[in-house]
Amino acid sequence: MTQDSSPIVTALRETQINLSIRIFLVCYCILAVLFLFAFVGSIMAIHHGEPVQAHIEDLLSFPVYLLIIVGLKRRRKWAPPLVCGTACFSMLNMLIATLAGSLHRAVASPVAVVLVYLLNGAFILFFAYQLYFFARRDVRECFRNRPV
């Protein structure tokens with residue numbers, strides 16, 4: 001028997017996976033609350049005549065984050081691909097915004113620009129770690145087996 005297949009190591013991995021999933025759940029709950037405000041603001045802006053195309057990301061992000069929360073909470077097998085797809089889209093969106101300089105134009109103060117770039121970088125790392133975490137075999141098995 002190898003050390004990797006011992007019951008203690010397996011239980012430790014499951015505990016670490018469950019803790020990480022709980023942390024992701026908290027992060028997605030925070031993102032869902034933030035995007036709820038953006039969702040309501042977009043609905044109000046559309047109601048006042050602005051085009052839907054200008055608010056499509058805000059309108060789609062909130063329901064997607066709610067789906068991710070439900071999928072992670074219930075350990076559905078479709079949750080990891082949804083998280084990875086959302087993470088890819090978000091990372092690309094943030095990288096394009098960073099490289100295009102639209103973050104720099106959005107903020108007037110030089111100090112705020114630095115903070116926005118740091119926050120953007122932190123989110124890119126957060127989404128990159130999700131790609132790594134949810135692509136692991138043991139995590140995929142956890143979602144296939146749906147532990148109680």
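**Entry 1: the largest pocket.** I looked up the volume of the largest pocket first, and I found about 640 Å³. I kept in mind that this is a predicted model. Next I asked which residues come closest to the centre of this pocket. They are Phe 35, Glu 57, Ser 90, Asn 93 and Met 94, out of 23 residues in the lining. Then I checked which helices take part. α1 (7-47), α2 (56-74), α3 and α5 each give at least two residues to the lining. I also sorted the lining by class: 15 residues are nonpolar, six are polar and two are charged.

**Entry 2: α2 against α3.** I turned to the helix pairs. The axes of α2 and α3 cross at roughly 145° and come within 9 Å. I noted this crossing as left-handed. On the α2 side I listed Glu 57, Val 64, Tyr 65, Leu 67, Ile 68, Gly 71 and Leu 72. They meet Ala 79, Leu 82, Val 83, Thr 86, Phe 89, Ser 90 and Asn 93 of α3. By class, I have nine nonpolar residues, four polar and one charged in this contact.

**Entry 3: α3 against α5.** How do helix α3 (residues 79-100) and helix α5 (residues 110-135) pack, and at what angle? I found an angle of about 150°, with the axes 9 Å apart. Angles over 145 degrees count as roughly antiparallel, so α3 and α5 run roughly antiparallel to each other. Their crossing is left-handed. From α3, the contact includes Pro 80, Val 83, Cys 84, Ala 87 and Met 94. From α5, the residues include Tyr 117, Asn 120, Phe 123, Phe 127 and Phe 134. How many charged residues sit in this contact? I found none, beside 15 nonpolar and four polar residues.

**Entry 4: α5 against α6.** Last, I looked at α5 and helix α6 (residues 137-145). They pack at about 70°, and their axes lie 5 Å apart. Angles of 65 to 115 degrees count as roughly perpendicular, so α5 and α6 are roughly perpendicular to each other. Phe 133, Phe 134 and Ala 135 of α5 touch Arg 137, Val 139, Arg 140 and Phe 143 of α6. I counted classes here too: five nonpolar, no polar and two charged residues.

Note on methods
Residues numbered from 1 in each chain as written. Predicted model: local features only at pLDDT ≥ 70, side-chain atom pairs only at ≥ 80, totals over all residues. Heavy atoms only, no water. Axes fitted to C-alpha atoms, helices over the stretch in contact; angles between N-to-C directions. Helix = DSSP H or I, 4+ residues; strand = E, 2+ residues; numbered from the N terminus. Parallel < 35°, antiparallel > 145°, perpendicular 65-115°, else oblique. Left-handed = near helix turned anticlockwise from the far one by under 90°. Contact = heavy atoms within 4.5 Å. Nonpolar A, V, L, I, M, F, W, Y, C, P; charged D, E, K, R; others polar. 1 Å grid on protein atoms, 1.4 Å probe; cavity = no way out; pocket = protein on both sides within 12 Å on 5 of 7 lines; lining within 4 Å. Points joined across faces, edges and corners; volume = space filled by probe spheres on them.
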